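Colleague: I would like to go through some of the labels used for this entry. Please set each one against its definition.

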Amino acid sequence: MSGLAHYFEDEGLATVIVALIREHIVSMRPPRALWVPFELGRPFGAPGDAGLQRRVLQAALDLLDRDAAKPLLVDFDEAAPHAAGDPDWRSPEGLDGSSALAEAASLLPVWQRACKRSGRSTVGVSGLEPLLAVEYIERFHDAEPMANPKGMAPVSRARFAIDDIKAFYLEAALANGGYPSTLQLNDWLWGETRVGKLLLDFQHRALGAGDKNLNLIAGSLVPAERTIAFNAGNR
């Protein structure tokens, strides 16, 4: 993004970078940058904290009023809230653990409540409803996989179905509010749910399937540290 900022500025478009990795900004020297002390993936802070997000955005936009004859790097002056996690957050309880599909079905009303609470959702890129996305992945390597709707190659559908499944679970995790850290959310999804184990197993089987298209997507489906832990536990 810092490189793009230079190109845009050369064309007369003012830019501001909200940066999570200070070393990159120091090295690339974009015209204007706001460094924020938040965890990776959260440049505007914790999800649901609209007040903090607004303050970050305002601080970034304020840089447009500053002289950027030389590269401008400003530190956001608020510490990362809930950096160690939210002790009051609780993961969804009472889920049906008999299978991944049953678990997802029991999570559905929780997710619907979360969507109503937030007024939005990012689920839907695969074109499948959440439970169908789980079933699609569950049956992908079977002798008789689930039928793939027209309009998307099977491997692409699998990639986006997994994106939808992860969004479905992580959005549901916020149904009761709170500001869980990424670590808290990942510990729950990958360590405590049947669906997390399903996705880890899918990646493991995809890497060993001898399909170059599956290999292309497999490495980006699961966080690296979760893959390492899963592989170590299956030796």
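Colleague: What makes D49 a buried residue without a salt bridge?

Modeller: Buried means under 20% relative accessible area, with a 1.4 Å probe and protein chains only; over 50% is exposed, and in between is partly exposed. D49 is in the buried class. A salt bridge needs a side-chain nitrogen of Lys or Arg within 4 Å of a carboxyl oxygen of Asp or Glu. For D49 the nearest side chain of opposite charge, R55, is 5.2 Å away, so no salt bridge is assigned. Charge here means Lys and Arg as positive and Asp and Glu as negative, with His and the chain ends not counted.

Colleague: What does the side chain of D49 reach, and where is D49 found?

Modeller: The D49 side chain reaches the backbone nitrogen of L52 at 3.3 Å. A polar contact is a pair of N or O atoms within 3.5 Å, where within protein one must be able to donate a hydrogen and the other to accept it, and residues adjacent in sequence count only if both atoms are side-chain atoms; the D49 pair therefore qualifies. D49 sits in the loop between β2 (32-35) and α3 (50-62). Helices (H or I, at least four residues) and strands (E, at least two) are DSSP runs, numbered from the N terminus.

Colleague: How far can these values be taken?

Modeller: This is a predicted model, in which local features need pLDDT of at least 70 and side-chain atom pairs count only at pLDDT 80 or more, while totals for chains, interfaces and linings use all residues. Residues are numbered from 1 along each chain as its sequence is written, and side-chain values use heavy atoms, leaving out hydrogens and water.

Colleague: Why is T182 called partly exposed?

Modeller: The relative accessibility of T182 is 26%, which falls between the 20% and 50% limits, so T182 is partly exposed. T182 belongs to helix α7 (residues 182-192).

Colleague: Which residues does T182 touch?

Modeller: Not counting residues up to four places away in sequence, T182 touches E39 and R42; contact means heavy atoms within 4.5 Å.

Colleague: How many helices and strands does the protein chain have, and how much of the chain is buried?

Modeller: The protein chain has 10 helices and 3 strands. Buried residues account for 37% of its 235 residues.
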